[in-house]
Amino acid sequence: MSSVDAPAQPSSKPSISAEVAKELYRDMVLGREFEEMCAQMYYRGKMFGFVHLYSGQEAVSTGVIKGCLRKDDYICSTYRDHVHALSKGVAARKVMAELFGKRTGVCRGQGGSMHMFDAEHGLLGGYAFIGEGIPVGLGAAFSVAYRRNVLGEDGADQVSVNFFGDGTCNVGQFYESLNMASLYKLPCIFVVENNLWAIGMNHPRSTGPTLGDQEPWIYKKGPAFGMPGVRVDGMDVLKVREVALEAVERARRGEGPTLIEAETYRFRGHSLADPDELRSKEEKAKYAARDPIPQLKSFILDKGLATEEELRELEAGVAAEVEDSVTFAEASPKPDMSQLLENVFADPKGFGIAADGRYRYELPGFTAGTAEVS
Ligand SMILES: Cc1ncc(C[n+]2csc(CCOP(=O)(O)OP(=O)(O)O)c2C)c(N)n1
Ligand SMILES: [Mg+2]
């Protein structure tokens with residue numbers, strides 16, 4: 001089964017202004033360039049742990065976030081979160097510095113690749129455990145509905161968007177959250193980035209068919225929970241933006257949640273540690289030909305929304321921004337030792353950093369085997 005061969009909705013390309021087209025293009029190029037730089041920096045040993053890149057999936061982040069969300073709206077991401085953060089307006093410098101584990105990072109170097117969080121931009125986190133972010137985004141939507149419906153705050157019209165993958169749709173939190181969003185008519189949008197794979201598990205091998213057909217559709221689970229389910233070509237930023245705008249408007253009007261299944265593809269392995277040997281050459285080539293960035297570029301040039309020269313300038317601006325993020329991250333200080341136990345709940349046995357900056361404890365036996373920190 002190849003779910004992308006069936007017709008996606010909606011089918012027509014919407015008309016957009018030159019300004020919006022260029023904004024979308026810039027955001028997708030920024031996402032791609034940033035991730036390619038991450039790969040270089042990872043292989044040069046500048047980053048630690050697992051790093052999951054988003055290359056290929058840019059049309060989803062850009063179409064949903066840059067294309068229609070406000071700064072005070074909320075998003076929840078996964079471990080593939082750098083580009084969602086960028087689209088939401090977090091500075092490239094702060095994301096790169098976080099990846100380098102530096103104090104100037106968006107979580108002061110304590111989150112790393114999978115845990116980007118920024119309250120100012122409504123980024124409620126990247127989450128390493130799959131499905132973990134979904135109830136968090138749901139909670140944000142609940143708080144908005146509560147402020148509007150119970151406390152009578154007319155201005156409470158933010159929406160909360162949850163991003164997660166196809167594999168994550170077989171985790172219980174997905175269904176629990178769909179149910180609650182529907183029950184309370186929450187301003188919550190569930191965006192499934194169906195890239196056909198969950199590490200090495202192909203989507204049709206892990207997901208049962210929906211009623212009335214033999215395909216493992218995810219969008220059809222929306223109506224089962226009383227909300228619209230929409231399927232969209234996730235390699236086409238304009239189509240993604242179109243369905244996202246509709247879902248966002250619906251949520252802002254207080255009409256409840258929407259489930260969007262965006263069909264997309266990652267151009268690299270699951271993480272930078274993955275040799276990516278399971279996916280066929282043919283499948284990779286098929287999606288490479290549908291790369292969302294050149295697609296939008298052709299559209300912009302065909303419609304005369306910008307000249308080649310303008311787009312080149314824009315690309316040069318992005319390259320400079322990404323380069324600057326690395327320079328900034330390199331030059332930034334490491335977190336101070338005093339940060340080590342910050343945001344860690346006090347241990348009743350007295351662990352902590354003493355005034356002299358040394359590791360402190362009150363129960364001697366408890367330190368057996370613990371490295372001394374100085
Ligand atoms: C609760 C939990 N179980 C298992 C894992 C291991 N794991 C990491 S990524 C992943 C696959 C997720 O695939 P998908 O939701 O399609 O997201 P994608 O990586 O394709 O973006 C799994 C099972 C995990 N991180 N959390
Ligand atoms: Mg997947």
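This is a predicted model: local features need pLDDT of at least 70, side-chain atom pairs count only at pLDDT 80 or more; totals for chains, interfaces and linings use all residues.
In which helix is Val243 found? Val243 belongs to helix α9.

**Overall composition**

The secondary structure of the chain consists of 12 helices and nine strands. Of its 374 residues, 44% are buried. When contacts between residues at least 6 apart in sequence are considered, 72% of them join residues at least 24 apart.

**The shell around ligand 1**

Ligand 1 is surrounded by 15 residues, of which Ile130, Gly165, Gly167, Thr168 and Ala198 are the closest. Two strands, β2 (160-165) and β4 (197-198), each contribute at least two residues to this shell. By class, the shell around ligand 1 comprises seven nonpolar, five polar and three charged residues.

**Helix packing**

Two packed helices are described by the angle between their axes and the distance between the axes.

| Helix pair | Angle between axes | Distance between axes |
|---|---|---|
| α1 (residues 18-43) and α2 (residues 58-68) | about 135° | 9 Å |
| α2 and α9 (residues 237-252) | about 45° | 8 Å |
| α1 and α12 (residues 308-331) | about 40° | 9 Å |

Helices α1 and α2 pack at about 135° and are therefore oblique to each other. Their crossing is right-handed. On the α1 side the contact is formed by Glu23, Leu24, Asp27, Met28, Gly31 and Arg32, and on the α2 side by Glu58, Ala59, Ser61, Thr62, Lys66 and Gly67. The residues of this contact of α1 with α2 fall into three nonpolar, four polar and five charged.

Helix α2 also packs against α9, at an angle of about 45°, and this pair is therefore oblique as well. The crossing of α2 and α9 is right-handed. Helix α2 contributes Ala59, Val60, Thr62, Gly63, Val64, Gly67 and Cys68 to the contact, while α9 contributes Val237, Val240, Arg241, Ala244, Leu245 and Val248. In the contact of α2 with α9, nine residues are nonpolar, three are polar and one is charged.

Helix α1 has a further packing partner in α12, with an angle of about 40° between the two. Helices α1 and α12 are therefore oblique to each other, and they cross in a right-handed sense. From α1, the residues Lys22, Tyr25, Arg26, Val29, Leu30, Glu33, Phe34, Met37 and Met41 meet Leu311, Leu314, Glu315, Val318, Ala319, Glu321, Val322 and Val326 of α12. The contact of α1 with α12 includes 12 nonpolar and five charged residues, and no polar ones.

Is Val243 buried or exposed? Val243 counts as buried because it has 26 C-beta neighbours inside 10 Å, the threshold for a buried residue being 20 or more. Arg231 stands 12 residues away from Val243 along the chain, and the C-alpha atoms of the two are separated by 8.8 Å.

**Residues with positive phi**

Most residues other than glycine have a negative phi. Arg108, which is not a glycine, has a positive phi of about 55°. This residue occupies the loop between α4 (92-99) and α5 (133-149). Arg108 has 18 C-beta neighbours inside 10 Å and therefore counts as partly exposed.

Leu196 is another residue other than glycine with a positive phi, in this case near 75°. Leu196 is located in the loop between β3 (188-194) and β4, and strand β4 is one of the elements that supply at least two residues to the shell around ligand 1. Leu196 counts as buried because 21 C-beta neighbours lie inside 10 Å.

**Pro228 and its surroundings**

Pro228 is situated in the loop between α8 (221-224) and β6 (229-233). With 17 C-beta neighbours inside 10 Å, Pro228 counts as partly exposed. Which residues does Pro228 touch, not counting residues up to four places away in sequence? On that basis Pro228 touches Gly222 and Thr258. The C-alpha atoms of Pro228 and Pro257 are separated by 7.6 Å, although the two residues are 29 apart along the chain.

Technical notes. Residues are numbered from 1 along each chain as its sequence is written. Chains are lettered from A and ligands numbered from 1 in the order in which they are written. Helices (H or I, at least four residues) and strands (E, at least two) are DSSP runs, numbered from the N terminus. A residue is buried if 20 or more other C-beta atoms lie within 10 Å of its own, exposed if 12 or fewer, and partly exposed in between; C-beta atoms are placed from the backbone. Two residues are in contact if their C-beta atoms, placed from the backbone, lie within 7 Å. A residue is near a molecule or strand if its C-beta atom, placed from the backbone, lies within 6 Å of it. Ala, Val, Leu, Ile, Met, Phe, Trp, Tyr, Cys and Pro count as nonpolar, Asp, Glu, Lys and Arg as charged, and the others, Gly among them, as polar. Axes are lines fitted to C-alpha atoms, for helices over the stretch in contact, and angles run from 0 to 180 degrees between N-to-C directions. Angles under 35 degrees count as roughly parallel, over 145 as roughly antiparallel, 65 to 115 as roughly perpendicular and the rest as oblique. A crossing is left-handed if the near helix is turned anticlockwise from the far one by less than a right angle, and right-handed if clockwise.
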